[in-house]
Amino acid sequence: MDVTIDMFNKMIVPILTYGCEVWGFTNADIVDRLQLKFLKIVLRLRRSTPSHMIYGETGMYPIALTIKNRIMNYWVKLVSHENRNKLSSIVYKFLYKLYRQGEHESLYLKYVRDTLIDLGLPYLWESHDVTHVNTAQFKYFVKRQTQDLFILEWHNVLAESSMYNNYRIIKSTFGQERYLTILPYNCIISFIRFRTTNNLLPVNVQRYYNIHRDERTCDKCLSNDTADEFHCLFVCPYFEAIREKCIPCIHVAQPSYHKYNHLFNSHDKPTLLKLKHMIDVINKSLSQ
């Protein structure tokens, strides 16, 4: 699966972003939707799967960030002194003059201005002087800063919705999960579907019926606990037999969210395969 993702980034993304320096400030959402659709297809996820879960599992950034980087790198070239005689730079200066005089509201210039402000570089917009800007350093800074801002927004989204309650426990840092490189394809599908609400657990299914989370209780036992992923894997008596076979004793004894996180982030292939088997048993029992 990691190879599939890498091929998409190296073969498809360059096609999707061709010429984005001149059109990306208005149409970036289109390529982001295509990227997510591709990932949902190859990972066999529902269309309603939260986008931030997909980004978190694969470690992929929205293509809009790549487009933003290229637009800003192109802007530096437009305003640089050595390119002042190029037709593109001359047209830009004319457009910028109309914008400053209030005679033309340019979406491109507004995009550049807002991006520079977001990156903490408003002085570059005010001065339009990039004489002392190192192109390579600027390129690296923009890429790093846009990624950091996205990761910050990713964490904020995860913290704001109860939909991510389980995901926050098993996923604390942004980046591609190791099981994508450790497990075979069919095991990856079972894993990622269970991690990203693509399962038949009442806590996820009953959400579509506007049932309060506390009322989405387990119908496999009499505990009245919320039937979420942690309950089924670690607590529910109904799955005790398969739990003893598939989950290490160190995790079963006095289960906690810390052990839950440690189990799902294991790098041990046999441990992950056993966990995958229990996930399959849980899914099968819920589909009956």
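The points below cover the basis of the values, the overall count and individual pairs.

This is a predicted model, in which local features need pLDDT of at least 70 and side-chain atom pairs count only at pLDDT 80 or more, while totals for chains, interfaces and linings use all residues. Residues are numbered from 1 along each chain as its sequence is written, and side-chain values use heavy atoms, with hydrogens and water left out.

**Count and network**
- A salt bridge is a side-chain nitrogen of Lys or Arg within 4 Å of a carboxyl oxygen of Asp or Glu, and the count by this rule is 11.
- A network of salt bridges links Glu57, Lys171, Glu177 and Arg195.

**Pair within a helix**
- Arg144 and Asp148 form a salt bridge, with 3.0 Å from N to O.
- Both residues lie in helix α8 (residues 135-160), 4 residues apart, and are thus separated by about one helical turn; helices are DSSP runs of H or I with at least four residues, numbered from the N terminus.
- Asp148 has a relative accessible area of 36% and is partly exposed; buried means under 20%, exposed over 50% and partly exposed in between (1.4 Å probe, protein chains only).
- Arg144 is also partly exposed, at 33%.

**Pair within a loop**
- In the salt bridge of Arg213 with Asp228, the closest N and O atoms are 3.9 Å apart.
- Both residues lie in the loop between α12 (202-205) and α13 (229-235), so the pair ties together parts that are 15 residues apart in sequence.
- Arg213 is partly exposed at 21% relative accessible area, whereas Asp228 is buried at 13%.

Methods: Helix = DSSP H or I, 4+ residues; strand = E, 2+ residues; numbered from the N terminus.
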